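Please follow the chain through its helix, its sheet and its aromatic rings in turn.

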Amino acid sequence: MNSRAGGFTLLEVMAAIVIMALAFAILLKTMGSSVALTHKAAARTEAAAWAQSLLDSAFVMTPPQPGTTEGRFDATYRWRLDVQPWQPPRTTGARQKTSMDPLRLYKLDLAVMWGAPPRRHVAHFATLRVVRPRPTGDLP
C-alpha cells in the first residue's frame, strides 16, 4: 500500500512566494506615493498658513502703499507681495466713480515660494483691502 502524503509541491510554494513578493512590492509603491502626497499637502498647508498670516496683518495700522515687497518667513518659505489700486470692472449703466466716494480698494497679490530651483513651488493668493481715505488735517 503506497499512500501519498498530502501537502504542497515545490512549484506551488514558489508560485505563492512570487505572488506575495509582487503584492508586497505594489503595497510598498502605494505607501511611498501616499507619503509623498502627504508631504506635498503639508508643505502647501504651511504655505497657506504663512500667506493667511501675512495677508491678515498687512496694512492693519498703515494704509497700503502700491508697489512690490519681498521677504522670508523662515529658511524654507519666501514671499513677494504686489499691492496695486483696484477698480471694479465697469458695467453698462453702473454709476461712475466720483471724487466723493469714501472708499478705495487695493489688490494684494501674494506669492509664497519654497523649494530648490529644480523643484521650486509657488502658491498664489490674492485679496482686496478696503481703505477709507482720511481727510487731511484729521488726527488718527
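Phe24 has its place in helix α1, which covers residues 10–57; helices here are DSSP runs of H or I with at least four residues, strands are runs of E with at least two, and both are numbered from the N terminus. The model is a predicted one, in which local features need pLDDT of at least 70 and side-chain atom pairs count only at pLDDT 80 or more, while totals for chains, interfaces and linings use all residues. Residues are numbered from 1 along each chain as its sequence is written, and side-chain values use heavy atoms, with hydrogens and water left out.

Together with Leu27, Leu28 and Met31, Phe24 forms a nonpolar patch on the surface, and the accessible area of these residues together is about 410 Å².

The sheet comes next. Its 4 strands form an open sheet in the order β1-β2-β3-β4, with antiparallel pairing, where two strands pair if DSSP finds at least two bridges between them. At the edges lie β1 (67–72) and β4 (121–131), each of which pairs on one side only. On average, and with direction ignored, neighbouring strands of this sheet are turned by 20° against each other. Strand β3, residues 104–114, runs antiparallel to β4 and is joined to β4 by 11 bridges; Arg104, for example, has Val131 in β4 as its bridge partner.

Which contacts do the aromatic rings make? A search of the whole structure finds 3 aromatic pairs, for which rings of Phe, Tyr and Trp (its six-membered ring) must have centres within 6.5 Å, planes under 30 degrees apart counting as stacked, over 60 as edge-to-face and the rest as tilted. Trp50 and Phe73 form a stacked pair, with 4.8 Å centre to centre and 20° between the planes. Because Trp50 lies in helix α1 and Phe73 in the loop between β1 and β2 (78–86), this pair ties together parts that are 23 residues apart in sequence. Phe73 also pairs with Trp79, in a tilted arrangement with 6.3 Å centre to centre and 40° between the planes.

Key: Patches are made of residues with over 30% relative accessible area and no salt bridge: like charges are joined within 9 Å, nonpolar side chains (Val, Leu, Ile, Met, Phe, Trp, Tyr) within 5 Å. Accessible areas come from the Shrake-Rupley method with a 1.4 Å probe; for residues, only the protein chains shown count as cover. A salt bridge is a side-chain nitrogen of Lys or Arg within 4 Å of a carboxyl oxygen of Asp or Glu. Axes are lines fitted to C-alpha atoms, for helices over the stretch in contact, and angles run from 0 to 180 degrees between N-to-C directions.
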